[in-house]
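Me: I have a structure open and would like to talk it through. Can we start with how far to trust each part, and then look at some local details?

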Amino acid sequence: MTGAVQVFDELIAPAASPEAAHVDYLSAEEQILLAQARAGNARALRHFYDTHQAQVRGHLYRLLGPDSEIDDLVQTIFARAFAALATFKGGSTLSTWLYRITTNTTHNLLRHRFRRNRVKAAFQWWVGGRGPQSSHADVRDEATRLLQHLAPDLREVFVFYHYEGLTLQEISQILDKPLSTIGDRLTRARKRLLELVAAT
């Protein structure tokens, strides 16, 4: 009978509140540190950095290898973490939260590098005679996209010279422009494309 009463008592007992079921991922010390860091306490922010920077640096090394930008990336990640402290709800450990920021930052970097490398390859495809890369459709497409950023008068000279293989003299005759004008336009076109590569 006692067993039946116990089961009945469990059935009618109030359900545990969401607060009671909440998993506390942060220790009391971490909660205090987090509160101080959110308030802009320099010592708390420094402690946060000192405690976790080896984790962040190690994760970056495993993702990127011996990369020259790791030091800068560590600073970027902690700057983002400090800026986002106010939005951290404690739904994970601080380590997990930092892993997420590190991973997102790394993904953005790798996407940027991939894009930059494609733009560089496209530029080389034009000025380097196109060679074996001409079979790469993505490089050709990127080269075409790059050209759209040139003013029409610069684009036509650049295409005549680098794609059609014409001499400056021949281009001068086709466009009925002085040779000096053609040379100037080609120089300006190359400079503009290099600016686009550098800005990517």
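**Confidence and local details**

Me: Where is confidence lowest, and where is it highest?
Reply: This is a predicted model, and its confidence is lowest in helix α2 (residues 18-21), at a mean of 38, and highest in helix α5 (residues 70-84), at 94.

Me: What about residues 1-23?
Reply: Over residues 1-23 the pLDDT is below 50, and beyond near neighbours in sequence this stretch has one contact in the model. Residues 131-135 also have a pLDDT below 50, with five contacts beyond near neighbours in sequence.

Me: And what is the mean for the protein?
Reply: The mean pLDDT of the protein is 79, with 78% of its residues reaching 70 or more.

Me: OK, on to α4. Where is the kink centred?
Reply: The kink in α4 is centred on His52 and comes to about 45°; His52 is also among the buried residues of this helix, which include Phe48, Tyr49, Gln55 and Val56.

Me: What caps the N-terminal end of α4?
Reply: Asn41 does, with a side-chain oxygen that lies 2.9 Å from the backbone nitrogen of Arg43. Just after α4, Gly65 takes a positive phi of about 80°.

Me: Switching to Asp67, where does it lie?
Reply: Asp67 lies in the loop between α4 (42-64) and α5, and a polar atom of its side chain is 2.8 Å from the backbone nitrogen of Glu69.

Me: Is Asp67 buried or exposed?
Reply: Asp67 counts as buried because its relative accessible area is 17%, and the cut-off for buried is under 20%.

Note on methods. Residues numbered from 1 in each chain as written. Heavy atoms only, no water. pLDDT = per-residue confidence, 0-100. Helix = DSSP H or I, 4+ residues; strand = E, 2+ residues; numbered from the N terminus. Contact = heavy atoms within 4.5 Å. Buried < 20%, exposed > 50% of the residue type's maximum accessible area, 1.4 Å probe, protein only. Polar contact = N/O pair within 3.5 Å; in protein donor to acceptor, adjacent residues only side chain to side chain. Bend = angle between axes of the 7 residues up to and from the residue.
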